[in-house]
Amino acid sequence: TLQALGRITAAEASKVQWSMYNELVVWENLICNERVYMPPGQAFSSVEGGWFRLTFSISKPELDLTLDRLSRGCFL
């Protein structure tokens with residue numbers, strides 16, 4: 001699972017077999033550890049794991065901080 005992998009490279013991330021469980025692991029990590037809310041695809045009736053919805057309307061400095069947190073929170 002993603003949880004067992006810890007931090008992984010982008011190349012390794014592209015090989016992850018996404019599941020609904022892995023999607024929730026990333027979602028929970030983003031909220032609890034990185035303080036970023038990015039709803040998983042399950043919230044929008046996605047039947048395939050690994051999809052997230054990203055919406056932003058913030059300043060450039062806040063966006064930079066958020067993207068940094070996302071990269072940490074997604075184990076990249």
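R35 sits in the loop between α3 and α4. R35 is not a glycine, yet its phi is positive, at about 60 degrees. The residue comes just after α3. R35 is exposed, because its relative accessible area is 71%. Exposed means over 50% relative accessible area, buried means under 20%, and partly exposed lies in between, with a 1.4 Å probe and protein chains only.

S45 is also in the loop between α3 and α4. S45 is not a glycine either, and its phi is positive, at about 65 degrees. At 64% relative accessibility, S45 counts as exposed.

A word on the source. This is a predicted model: local features need pLDDT of at least 70, side-chain atom pairs count only at pLDDT 80 or more, and totals for chains, interfaces and linings use all residues. Residues are numbered from 1 along each chain as its sequence is written, and side-chain values use heavy atoms, with hydrogens and water left out.

Now the overall fold. The protein chain has 4 helices and 0 strands. From the N terminus on, the order is α-α-α-α. Helices (H or I, at least four residues) and strands (E, at least two) are DSSP runs, numbered from the N terminus. Of the 76 residues of the protein chain, 28% count as buried.

Take α3, residues 20-34. It has 15 residues and spans 20 Å from first C-alpha to last, close to the 21 Å expected at 1.5 Å a residue. The expected span is 1.5 Å times one less than the number of residues. Which residues of α3 are buried? They are N22, E23, V25, V26, N29, L30 and E34. Seen down the axis of α3, these buried residues fall within an arc of 160 degrees, so they line one face of the helix. The arc is that of the directions from the helix axis to the C-beta atoms.

Next, α4. This helix has 14 residues and reaches 20 Å from first C-alpha to last, close to the expected 20 Å. Its buried residues are L63, L70 and G73. Down the axis of α4, they fall within an arc of 90 degrees, so they line one face of the helix.

On to aromatics. Rings of Phe, Tyr and Trp (its six-membered ring) pair if their centres lie within 6.5 Å; planes under 30 degrees apart count as stacked, over 60 as edge-to-face and the rest as tilted. The count by this rule is 1 aromatic pair. W18 and F52 form an edge-to-face pair, 6.1 Å centre to centre, with 75 degrees between the planes. The pair links distant parts of the chain, 34 residues apart. W18 lies in the loop between α2 (10-14) and α3, and F52 in the loop between α3 and α4 (60-73). W18 is partly exposed, at 34% relative accessibility. F52 is partly exposed too, at 23%.

Last, the largest pocket. How much space lies in it? About 170 Å³. Of the 13 lining residues, V36, Y37, T55, I58 and T66 are the closest to its centre. A pocket is an open set of points on a 1 Å grid over the protein atoms alone, where a 1.4 Å probe fits, with protein on both sides within 12 Å along at least five of seven lines; lining residues have an atom within 4 Å of a point. The volume is the space filled by probe spheres set on the points, with grid points joined across faces, edges and corners. The lining divides into 9 nonpolar, 2 polar and 2 charged residues. Ala, Val, Leu, Ile, Met, Phe, Trp, Tyr, Cys and Pro count as nonpolar, Asp, Glu, Lys and Arg as charged, and the others, Gly among them, as polar.
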